[in-house]
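Work through the exercises below with the sequence and the model open. Try each task before reading its solution.

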Amino acid sequence: MQEATFMILTALASGSQHGYGIITDVQEISGGLLRLRPGTLYTALDRLRADELIGVDREEIVDGRLRRYYRLTPAGASRLGAEADRLQAHASAALTRLNLAAGTAT
Amino acid sequence: MTDQASLERGYRRLLACYPRAFRRQNGQEILAVLMACAPDGQRRPGLAESADLISSGLRMRLHPSVPRSARTVRAAVRLMYAGAAVSTANLIILLAYIGDIKAYDAVYAVLGRRLTAAQVSLLSHLNSQLNTALITQAVVLALVPVAVWLWMARANGQGRNWARSLSTVLFGLATLDLTGVYRTPGIQLEFVPTMLGATFPVLTWLAGLAVVWLLWRPASSAFFKPQGSTQARHSPQQPSRIRSPHALPPRSF
């Protein structure tokens, strides 16, 4: 799973959000490191919708413009959970080995 | 024109890169996000943003998202892109050979007397073949398979049933062509080495065989919808809770 995809799913994990909300949320989650561009965001959203990992929650009109809210589907939640577990396992393996190396060095 | 209006016009122009069905469905929404992301006073789309919109739009046009559930179709679409890549390699090699023969011409001008009679006759034969019209014809004919592969990849990826049938017919023609029962109209350039001349058609034929097999698997049939409802995925999904009370007038981009 690409990082952008992972972050979009993460942004939707706690509730539905619209496109601009996802962009600002991803920026916040990543500590300002990942700023999604609208083109990239909508390519990813299109793909995620095709895979039925996300769905449209509701539509609103704000200032005469369409605002569409997306939410995670159950399939999306389980994919995100599996991916998060995998990343966590990798990260803790890395940290364990680094600690081991630090331990043998001293 | 205000800054906002001119910026919006710029974005609308860039959004034309996206497929029409996607634009109809998401154009307004992306535009709203683009405008929200733009700092005050910006008059025209930034360079990085423009590049992102253009590449995303073209990517979507060329490579429609096939759902993960339709694995066989995804594999077939990937193979068709591989077919396009092989055909492009074929075209590049053809151009390289033409370049080489043109270079022989220069070599002949310098070394004319030192070449053996056999070499001279081969060179003059090759050169006599290589007029501009023939080169153009050869290049155009080499471009056709690239275009056909890309076209079929896209149309099949969009779940169009006619594309599945047309791919099969094209594969049939390629089979006849390969076995020599029927020759597609075209020209055979003598100077392209026989090894390459035989390898590429066989490679692409094998890709075609796999594509046709994948496209007609039972798992693929669910993805191919009957004609007329091919845009089903891009038509508005029923929002689960609130439906917007005032429908937006369709706006053309």
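**Exercise 1. The sheet of chain A**

Task: In this predicted model, find how strand S1 of chain A pairs with S3(A), and over how many bridges.

Solution. Strand S1 covers residues 17–18 of chain A, and its pairing with S3(A) is antiparallel, over two bridges. One position to check is A:Gln17, which stands opposite A:Tyr70 in S3(A).

Task: Describe the pairing of S2(A) with S3(A) and what joins these strands.

Solution. Step one: the pairing is antiparallel and runs over eight bridges. Step two: take two pairs of residues. A:Glu60 stands opposite A:Arg67, and A:Val62 has A:Arg65 as its bridge partner. Step three: look at the connection. S2(A) and S3(A) form a hairpin with two residues between them, and A:Asp63 in the turn has a positive phi of about 55°.

Task: Give the strand order of the sheet, and say which strands stand at its edges.

Solution. The sheet is open, with three strands in the order S1-S3-S2 of chain A and antiparallel pairing. S1 and S2 of chain A each have a single partner strand, so they are the edges, and one side of each lacks a neighbour in the sheet.

**Exercise 2. Where the chains touch**

Task: How many residues of each chain are in contact with the other chain, and which element of chain A gives the most?

Solution. The contact involves 25 residues of chain A and 29 residues of chain B. On the chain A side, the elements that give two or more residues are helix H2 (19–29), helix H3 (38–50), strand S2 (54–62) and strand S3 (65–72). H3(A) gives the most, with eight residues. By type, the residues on this side of chain A are eight nonpolar, five polar and 12 charged.

**Exercise 3. Helix H3 of chain B**

Task: Which residues of H3(B) are buried, and what do they pack against?

Solution. The buried residues are B:Glu49, B:Asp52, B:Leu53, B:Ser56, B:Gly57 and B:Met60. They cover an arc of only 120° around the axis and therefore lie on the same side of H3(B). The face turned away from that side carries the exposed residues B:Leu47 and B:Ala48. The packing partners of the buried residues are H3 of chain A together with helix H1 (3–15) and helix H2 (20–37) of chain B.

**Exercise 4. The nonpolar cores**

Task: How many residues does the largest nonpolar core have, and which element gives the largest share?

Solution. The largest nonpolar core has 33 residues; among those with the most contacts inside it are A:Ile8, A:Leu45 and B:Leu15. H2(B) supplies the largest share, six residues. A second, separate core has 19 residues, including B:Trp149 and B:Phe224.

**Exercise 5. One glycine**

Task: Is B:Gly157 buried or exposed?

Solution. B:Gly157 is found in helix H6 (residues 132–157) of chain B. It has 23 C-beta neighbours inside 10 Å, and a residue with 20 or more is buried, so B:Gly157 counts as buried. Its contacts beyond four places in sequence are B:His63, B:Pro64, B:Val66 and B:Val77. B:Gly157 and B:Arg74 are 83 residues apart in sequence, and their C-alpha atoms are 7.4 Å apart in space.

How values were computed:
Residues are numbered from 1 along each chain as its sequence is written. Chains are lettered from A and ligands numbered from 1 in the order in which they are written. This is a predicted model: local features need pLDDT of at least 70, side-chain atom pairs count only at pLDDT 80 or more; totals for chains, interfaces and linings use all residues. Two residues are in contact if their C-beta atoms, placed from the backbone, lie within 7 Å. Helices (H or I, at least four residues) and strands (E, at least two) are DSSP runs, numbered from the N terminus. Ala, Val, Leu, Ile, Met, Phe, Trp, Tyr, Cys and Pro count as nonpolar, Asp, Glu, Lys and Arg as charged, and the others, Gly among them, as polar. Two strands pair if DSSP finds at least two bridges between them. A residue is buried if 20 or more other C-beta atoms lie within 10 Å of its own, exposed if 12 or fewer, and partly exposed in between; C-beta atoms are placed from the backbone. The arc is that of the directions from the helix axis to the C-beta atoms. A nonpolar core is a set of buried Ala, Val, Leu, Ile, Met, Phe, Trp, Tyr and Cys residues joined through C-beta atoms within 7 Å.
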